[in-house]
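Notebook open, model loaded. I want to go from the overall build down to single side chains.

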Amino acid sequence: MKVYNTLSRRVEKFVPIDQKEVKLYCCGPTVYDFAHIGNLRTFIFYDIVRRTLTGDGFKVKQVINLTDVDDKTIKNSRSGGMTLKEFTEKYTEYFFKDIDKVNILPADIYPKATENIDGMGTMILGLMERGYAYPADDGIYYSVSKFKNYGKLSGAKVGSGESRIKNDEYDKENVADFALWKKWTESDGEVYWNNGLPKGRPGWHIECSAMSLRYLGETIDIHSGAVDLIFPHHENEIAQSEAYNEKKFVKYWLHSEHLLVDGKKMAKSLHNFYTLRDLEERGFDPMSFRLMVIDANYRAKLDFTLDALKKYEKTLEDIDISLKAFEALPKTGSVDVRVAETLRSELPAFKEAMNEDFDTHSALTHFFKVMDLINEKAREEKINQRDYEAISDVVQNMNGFLGIIKDYAIPENLHEIAEERKALRVDKKWDLADKKRNVIKEAGFKIIDLLNSDYVIVKDRRYGR
Ligand code: AMP
Ligand code: ZN
């Protein structure tokens, strides 16, 4: 596998530190609101990284943290009149629902920042002892000029003047000593800890350094996030972790690009965002968004439009119908040599693309070659059993990497109604048959009639056919 490493600014061969287990840390959501689909683009990328490693045979330990205390969570919980815990638990639940809707496999551990305050305290005290951190009136700060490699990830330059910044988020023009610990102020309300440090709460950056150390160890294989995390978040994580552990922190830094709307980053602050709920209310299957993300290169910006999403919704329906019709084919006839030939070239080409810095777009073209084969067999109205199994295995294998096909349940009674419709059609009772079709449509599904007088039932997609 080859990956683009932000640290070296080059595509490098991936060699795990320990063959037995790849350690993968992904900066997770700040649970202060619903995730928008820009956030989800990033989470889908994490899922692709993890699926590719697993598909290549690696055992993976994936950590996705939950930031449940920071400037934004405190501010929004207070304005919502809820305790920080109640508030963040609500959005954590929505996060888990959302990631399931786009077929993201669960990580091994989802640590919460609030359950790791002790580890952060220990790290901050250690950094003070080693001279990297110092107390100020309003908290404890990291002295960026003390860390000689500051800027190695983002290219940020430490200026000569001494300045401090208390906010969690700021830009490269404002390189400054940043807050590891923030002393309690009125606006923090009930949120504070006393663990050998002044009454207060952690800064955002120390959260990930402490959780990565606790759950994955001093040096890990991969750390990832969207490009906006390169500075200051990841630069600061390196400064904290490498100064504290006196070891290299991360071997490969992977960053995915933003989802845009009209050329601008989708962001809460710009009010130009959609959540998955917004898309569902418009009649879309969240999986069409996953397909859209996967069709793009993760290192390229992706402009989101509803029209483009409609196209993916239709593609998703095509795949769904093709696969269901394929399963329904009579398993007869002789072996077709072209099946083995096609699979022999498409599967390795698919894997090669995935291993070429997660080239999901090219991988998809190989997946669609297999879909073409499936459609050809549907036109022939039969398939040899061995060919069927070989194709099914390859589709499953590819889907293990991409996760674009997600099973859904069809209510049992719809199968009965569809059978009744079939019988009515045999008797040429077209009107009654159409009524049955409508019952199925009202339940959110539709019947697709096949060539061989059989049919399949699929989800009714408003933006499909
Ligand atoms: P947050 O919940 O704000 O901490 O963000 C979660 C993840 O989503 C982080 O890795 C962000 O960098 C990322 N992110 C935020 N906005 C976008 C966007 N428009 N496109 C892609 N990723 C984003
Ligand atoms: Zn982080």
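**Ground rules.** I am working on a predicted model, where local features need pLDDT of at least 70, side-chain atom pairs count only at pLDDT 80 or more, and totals for chains, interfaces and linings use all residues. Residues are numbered from 1 along each chain as its sequence is written, chains are lettered from A and ligands numbered from 1 in the order in which they are written, and side-chain values use heavy atoms, with hydrogens and water left out.

**Overall build.** I looked up the secondary structure and got 14 helices and 16 strands in the chain. Here helices (H or I, at least four residues) and strands (E, at least two) are DSSP runs, numbered from the N terminus. The C-alpha atoms fill a box of roughly 85 × 50 × 35 Å along the principal axes. Of the 465 residues, 53% are buried; buried means under 20% relative accessible area, exposed over 50%, partly exposed in between, with a 1.4 Å probe and protein chains only. I also checked contacts (heavy atoms within 4.5 Å). Among those between residues at least 6 apart in sequence, 75% join residues at least 24 apart.

**Zinc site.** Which protein atoms hold the zinc ion (ligand 2) as donors? I found C27 (SG), C208 (SG) and H233 (NE2), at 2.1 to 2.2 Å from the ion. Donors are N, O and S atoms within 2.8 Å of the metal (3.2 Å for Na, K and Ca), and water is not among the atoms, so sites may look incomplete. Along the chain the donors of this zinc ion read C-x180-C-x24-H. C27 is in the loop between strand 3 (22–26) and helix 1 (37–55), while H233 is in helix 6, 206 residues apart. C27 has a relative accessible area of 4%, so I log C27 as buried. C208 counts as buried too, at 1%, and H233 is also buried. I counted disulfides as well, meaning cysteine sulfur pairs within 2.5 Å, and got zero.

**Helix 6.** How much of helix 6 is buried? I get 16 of its 16 residues. Just after helix 6, E246 takes a positive phi of about 55 degrees.

**Rings.** My search of the whole structure turned up 26 aromatic pairs. The rule takes rings of Phe, Tyr and Trp (its six-membered ring) with centres within 6.5 Å; planes under 30 degrees apart are stacked, over 60 edge-to-face and the rest tilted. Y170 and F231 have ring centres 5.8 Å apart and planes at 85 degrees, so I log them as edge-to-face. Y170 is in the loop between strand 7 (164–165) and strand 8 (177–183), F231 is in helix 6 (residues 230–245), and 61 residues separate them. Both Y170 and F231 are buried. Elsewhere I noted a cluster of F43, Y46, F95, F96 and Y110, linked by ring pairs.

**Charges over rings.** I counted a charge as over a ring if NZ of Lys or CZ of Arg is within 6 Å of the ring centre and within 35 degrees of the ring normal. R130 lies over the face of Y244, 5.0 Å from the ring centre. K199 has its charged end over the ring of Y192, 4.3 Å from the centre.

I traced an open sheet of three strands, order 13-12-14, with mixed pairing. Strands pair if DSSP finds at least two bridges between them. Strand 13 (264–265) and strand 14 (302–303) are the edges, each pairing on one side only. Strand 12 (residues 259–261) runs parallel to strand 14, joined by two bridges. L260 stands opposite D303 in strand 14.
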